[in-house]
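My entries follow in the order I made them.

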Amino acid sequence: MTGYNEKNNCLYVENISLEQIAKEVGTPTYVYSTENIRNQYEKLQNTMRNVLPADHQPMLCYACKANSNIAILSYLHSLGSNLEIVSKGELHRGLKAGFDPSKIVSTGVGKQKDEITELLNAGIHQFNIESLPELEQIQKVANEIDKFANVVFRLNPDISGGGHNKISTGRKCDKFGLSRNAVFKAFAMAKNMSNINATGLSIHIGSQIFEVETFKTAFKKLPALVSDLRNEGHTIECLDIGGGFPIVYDNEQLLDLKAYAQWVNDIIVPLDTKIIMEPGRYLVGNAGVLLSKVLYVKETEEKNFLVLDAAMNDLIRPTLYDAYHEIEAVQNRNASSKTYDVVGPVCETGDTFAINRDISEMSAGDLAVIKSAGAYGFCMASNYNTRPLPAEIMVNGSNYEVIRKRQTIEEILNMDIIPEWINS
Ligand SMILES: Cc1ncc(COP(=O)(O)O)c(C=O)c1O
């Protein structure tokens, strides 16, 4: 994995040992490799540069729901990325990271009135619309504050894509997007709206899509639809083809980016529109690990349990999506292996990172990493069991920075309010 290497039988992120980070910052801690993020961004950009014509290069909008730490956003901004957001909070993060609002795309099925107002006032690039009532709401708000909204309509292509039922978003039964008929209705409605400029379509069928032909099947829905919409007099000058690029968690056969780019070239480019892509996981997923300490090795008649100080509240993907994450020892990496169930301290059997996993034999106090945790990791963490949110670290060559301080118990407790009448 780019950015990760072994020296003296110990795991390093770039030139910093994870042992050093654990000693200086504590555990559990998310650690990200800058080199890995840059490598992924450049790989995606270069593949598109090599395959797509210069005048149809995509506008790459990082889907910051994957990891919205402002340092990560700033870094991607410095590489030239644009931004995709799903909330007012993400807008604020994006602006703080330096993104030009006119390079920000807003998606999501439940945009609230105050969010729409802020997005319009900020002057974002476009709203990706998911329902007819949402279109009406944006027109209403834009009219009230005398603003103009560029919108594209999200097509629900009725295609199953994504690495798990819960992250598949393109089926008819999913809450996302509009049917073909509803897209026509939306364009017709938009024509009569004073503050709406309908510019095209979007499509996003799911996340961690490694049935790669699925992308092609989805793209193939677009030419006929674009042609029929144009024949009805609608302008289609933008196609947002979403994210969903997969990363390695285990030893999956990954999407061949060149093949993907070739499909974009063959199917999307001839439609002669601006092209937007929304990669999230791909840019940050493999860059991050969750660094943790072994609290106990519990041996029963049935199993060997490694009880870590990280738990499901820090990384929920294994229990939420049955997601596989590789787990490795940080030190003594050539010790003989032993089979463990790797669990956290939370009071649920679901607080399990791995079952029957062969890992170098470990003892209490040793360090372990849960790999490929850079996407949908920290950003989905919670305070369940009143466990403070972990720290986040960004490594750049021989330096590292704390990019989010570890939360304290006091900070958690300070959010609660005891009504006076209880103790009066
Ligand atoms: C509309 C939209 N775009 C982009 C993404 C990013 O997906 P991924 O992280 O798989 O690239 C998502 C993820 O849920 C999404 O809903």
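Which residue in β6 does Ala63 stand opposite? I looked it up, and Ala63 stands opposite Glu84 in β6.

**Ground rules.** I am working with a predicted model, where local features need pLDDT of at least 70, side-chain atom pairs count only at pLDDT 80 or more, and totals for chains, interfaces and linings use all residues. Residues are numbered from 1 along each chain as its sequence is written.

**Entry: β5 and β6.** I name helices (H or I, at least four residues) and strands (E, at least two) as DSSP runs, numbered from the N terminus. I call two strands paired if DSSP finds at least two bridges between them. Strand β5 covers residues 59-63 and runs parallel to β6, with 3 bridges joining them. Tyr62 stands opposite Leu83 in β6. Between the two strands the chain passes through helix α3 (residues 70-79), and this β-α-β crossover is right-handed. I use that word if, with the strands pointing away from the viewer, the path from the first strand over the helix to the second runs clockwise.

Next I checked burial. A residue is buried if 20 or more other C-beta atoms lie within 10 Å of its own, exposed if 12 or fewer, and partly exposed in between, with C-beta atoms placed from the backbone. In β5, 4 of the 5 residues are buried. Strand β6 spans residues 82-85. Asn82 and Glu84 point one way from β6, Leu83 and Ile85 point the other way, and all are buried. In a regular strand the side chains alternate between the two faces of the sheet.

Entry: Leu83 stands opposite Ile104 in β7. The chain gets from β6 to β7 through helix α4 (residues 88-96), and this β-α-β crossover is right-handed. β5 is joined to strand β12 (residues 274-277) by 2 bridges, and the two run parallel. Met59 has Ile276 as its bridge partner in β12.

Entry: How many bridges join strand β8 to β9? I found 3 bridges, with β8 (residues 126-129) and β9 running parallel. Phe127 has Val151 as its bridge partner in β9. Helix α6 (residues 132-144) sits in a right-handed β-α-β unit with β8 and β9. Strand β9 (residues 149-154) is mostly covered, with 5 of its 6 residues buried. β9 also pairs with strand β10 (residues 196-202), in the parallel sense, over 6 bridges. Ala149 stands opposite Ile196 in β10.

Entry: Strand β2 (residues 10-13) is joined to β3 by 2 bridges. The bridge partner of Tyr12 in β3 is Ser17.

**Entry: helix α10.** Helix α10 (residues 257-268) has 12 residues. From first C-alpha to last it reaches 15 Å, close to the 16 Å expected at 1.5 Å a residue. The expected span is 1.5 Å times one less than the number of residues. Tyr260, Trp263, Val264 and Ile268 are buried in α10. They lie on the same side of α10 because they cover an arc of only 100 degrees around the axis. That arc is of the directions from the helix axis to the C-beta atoms.

Entry: Why does Phe219 count as buried? Phe219 has 21 C-beta neighbours inside 10 Å, so it counts as buried. Phe219 lies in helix α8 (residues 213-219). Its C-alpha is separated by 9.3 Å from that of Pro157, 62 residues apart along the chain.

Ala287 is in the loop between α11 (281-284) and β13 (288-299). Ala287 counts as buried because it has 30 C-beta neighbours inside 10 Å. Ala287 and Glu35 are 252 residues apart in sequence, yet 8.0 Å apart in space, C-alpha to C-alpha.

**Entry: the ligand.** I closed with the ligand shell. I counted a residue as near if its C-beta atom, placed from the backbone, lies within 6 Å. The ligand is surrounded by 17 residues, and the closest are Ala63, Ser207, Gly243, Gly280 and Arg281. By class, the shell has 5 nonpolar, 8 polar and 4 charged residues. Ala, Val, Leu, Ile, Met, Phe, Trp, Tyr, Cys and Pro count as nonpolar, Asp, Glu, Lys and Arg as charged, and the others, Gly among them, as polar.
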